[in-house]
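Hi,

Here is the structure I promised to pass on. My notes follow below it.

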Amino acid sequence: MNQLAFSGSCYWCMEAVFQFVQGVLLVEQGWISKQKEPDKYFEAVRIQFDPSIISSEELVEIHLATHQSSNQHGLSARYPSSIYTMNQEQFDKLSMNLILKKEGPERSIITTVEILAEFKSSLPRYHNYFISNPEKPFCNLYIRPKLERLNHLFPHLVKSSLSNYLNIY
């Protein structure tokens, strides 16, 4: 089983995005720290995925496309744009991938690659927020646009169940 973790927006948003990606087997939302700063935690998701269905590079592409990965914003300190790896091999591979992106037309990417230090799950009452509350104002204002972007940019990687949620309104 392969794992990656991501930060960059609220965990409700990231959880919803990755719950609708083919090959993602489990999405856990919570708080994450990196090896460089093990006492500082950020909202994040940790995912388990099947690499025979989706690659780590495709997951990174989805992450970059569904949050503000190319510019600082008012909540950048709270929601840093990062990819968290589980080991040095993943770190090296995804770091090189991101370096190549930063040298190309996507050079404004501010996302970093980190090695995960610790992950703490959020309270169960917050899990599956979008799936449980698709009609809530927060979901319509913040999560739905990310899901629409996911569906538009990566239709070949989206689970068919997403259309059930996008067609609610």
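Methionine 1 sits in the segment before strand S1 (2–7). Strands here are DSSP E runs of at least two residues, helices H or I runs of at least four, numbered from the N terminus. Because its relative accessibility is 66%, methionine 1 counts as exposed (over 50%; buried is under 20%, partly exposed in between, with a 1.4 Å probe and protein chains only).

A caution: this is a predicted model, where local features need pLDDT of at least 70 and side-chain atom pairs pLDDT 80 or more, while totals for chains, interfaces and linings use all residues. Residues are numbered from 1 along each chain as its sequence is written, and side-chain values use heavy atoms, without hydrogens and water.

Now the fold. The protein has six helices and five strands. Along the sequence they run β-α-β-β-α-β-α-β-α-α-α. The five strands close into a barrel, ordered S1-S3-S2-S5-S4, with mixed pairing (strands pair if DSSP finds at least two bridges between them). From one strand to the next, the twist averages 50° (axes are lines fitted to C-alpha atoms, for helices over the stretch in contact; angles run from 0 to 180 degrees between N-to-C directions).

S1 pairs with strand S3 (residues 37–49) in the antiparallel sense, over five bridges. Phenylalanine 6 stands opposite valine 45 in S3. Helix H2 (residues 56–65) packs on the sheet and touches S1, strand S2 (24–34), S3 and strand S4 (82–85) (contact means heavy atoms within 4.5 Å). The direction of H2 makes about 15° with that of S1.

Finally, burial: of the protein's 169 residues, 49% count as buried.

Best wishes
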